[in-house]
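Hi everyone, thanks for coming. Please have a look at the model on the screen, and I'll walk you through a few parts of it.

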Amino acid sequence: MKTELTSFLEKYEERILGQNLNLRLLLSAILSGGHVLLEGVPGTGKTQMVRTLASLLGGSFNRIQFTPDLLPSDITGSTIYNMKESTFQTLKGPIFTNILLADEINRTPAKTQAALLEAMEEKQVTIQGETYLLPDVFFVVATQNPIEFEGTYPLPEAQQDRFLFKLYIDFPSFDEEKDVLKMVIENTIVESPLTAILDMDTFITIRKEIEKVTVSETVLGYILQIVRKTREAESIRFGASTRAGISIGKAAQAWAYLSGRDYVTPDDIKMVAKPALRHRIQLSPHIELEGATVDQIIEELVGSVPVPR
C-alpha cells in the first residue's frame, strides 16, 4: 500500500509544480476523512490541483461554481413530478460524488453554504424528507479568493470548523514558475487523461491502516495542551474547539503514515497544527491592529508548549 501511495505522490508532484507541501497536506486531509478550504489568488492552479487528485484516485469529480443566485437544491438535488409515469422522481445533485470542488464558496449566501453542512459532517443528504447516503470517500475542497471581497458572504464559524485544514496557495518559486511557463509555451505539458494510481477500494484500505497509526498518551496530551493554549492566550479572542484537537490528531496520523511510520511524533503535530488551527481561531482586536497574522500567533503558541520526550 505504501509503495502505491509513494507512486501517487510522485505523480501528483510531477503534475502540480511548486506546491509539494500543500499537495501532501491535501492528501493527508482526504486520507483522514476531512475537508479542505483553499485560499489563493486566481491563476495559482487550485482547480487543477483538485481535479488531478480525483484523476489519480480514480474517483468521480464534480465542480460547483458558487454564485449569489445558487440555491441549496442546486447542490443537493430536488424532486420533480414525472408526468409520463405519474410519479415523483428524485434528481440527485452534484454533491453525490467522491471529490467535490466548491469554487468560490464565499460568493453564495449562508443558506446555500449551509447545504454543505449535513453532507460534510454526516456524509448524507436529505431531499424532500428522504435521506441519501454519500459515497464512503467524500471529500469537499472549497476555494476562496483572498483579494476580492465585494459581493461575498464570509463563511460562518460553524461552517469553517467543518474543514480539517485551511491551506494558503502561494505562487511557486522563480525556477518552478519558469518551468511552468516553458512547458506551456512549448506545448510540452501532457494534457492526456491521467491513469489512476489508486482505486477506491485500495484507498479505503489505506484509510483503515491509517486509523491504526499509534498516538501515544504523551502525544495526545501535547495536542490537548496546544488546543487549550488557544483558549488561554491573550492574543486570541476565540480559541479552538474540541473538533480542532480531533482534526490535529487524525491529520497527524495520516502525515505519519505518508512519512513511513506507524506512530505519531510531536513533529507531525507541529506540521499539521497551523493548517488545522488557522481558520478556527480569531485574534484579539489589538493584536490585529499591531499587524500580527494568525500563522505568526500559532507558531508562537505551539513553540511555547513543552515538547514531550
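I'll talk about the sheet, then a hairpin, then a surface patch, and finally some salt bridges.

A word on the source: this is a predicted model, where local features need pLDDT of at least 70 and side-chain atom pairs count only at pLDDT 80 or more, while totals for chains, interfaces and linings use all residues. Residues are numbered from 1 along each chain as its sequence is written, and side-chain values use heavy atoms, with hydrogens and water left out.

Let's start with the sheet. When I say strand, I mean a DSSP run of E with at least two residues, and a helix is a run of H or I with at least four, both numbered from the N terminus. Two strands pair if DSSP finds at least two bridges between them. In what order do the 5 strands of the open sheet stand? The order is β2-β5-β8-β1-β9, with parallel pairing. At the edges we find β2 (61–65) and β9 (165–168), each with a single partner strand, so one side of each has no neighbour in the sheet. From one strand to the next, the twist averages 20 degrees, with axes taken as lines fitted to C-alpha atoms, for helices over the stretch in contact, and angles running from 0 to 180 degrees between N-to-C directions. Strand β1 (residues 36–39) runs parallel to β9 and is joined to it by 4 bridges. There, Val 36 has Phe 165 in β9 as its bridge partner.

Now for the hairpin. β6 and β7 pair in the antiparallel sense over 4 bridges, and 2 residues lie between them. Thr 126 has Thr 131 in β7 as its bridge partner. Is Gln 128 buried or exposed? Gln 128 is exposed, with a relative accessible area of 70%; here exposed means over 50%, buried under 20%, and partly exposed in between, using a 1.4 Å probe and protein chains only. Glu 104 also has a positive phi, near 55 degrees. Glu 104 lies in the loop between β5 (99–103) and α5 (110–113), and counts as partly exposed at 22% relative accessibility.

Next, the surface. Tyr 81, Met 83 and Phe 88 make a nonpolar patch of about 420 Å². Patches are made of residues with over 30% relative accessible area and no salt bridge, joining like charges within 9 Å and nonpolar side chains (Val, Leu, Ile, Met, Phe, Trp, Tyr) within 5 Å. Phe 88 belongs to strand β4 (residues 87–92) and is exposed, at 63%.

Finally, salt bridges: a side-chain nitrogen of Lys or Arg within 4 Å of a carboxyl oxygen of Asp or Glu. How many are there? The count is 11. One of them joins Lys 11 and Glu 14, at 3.6 Å from N to O. These two residues are 3 apart in helix α1 (residues 2–15), about one helical turn. Another links Asp 161 with Arg 243, with the closest N and O atoms 2.6 Å apart. That pair connects distant parts of the chain, 82 residues apart: Asp 161 is in the loop between α7 (157–160) and β9, and Arg 243 is in helix α11 (residues 242–258). Asp 161 is buried at 14%, whereas Arg 243 is partly exposed at 27%.

Terms used
Areas by Shrake-Rupley, 256 points an atom, 1.4 Å probe, with all protein chains shown as cover.
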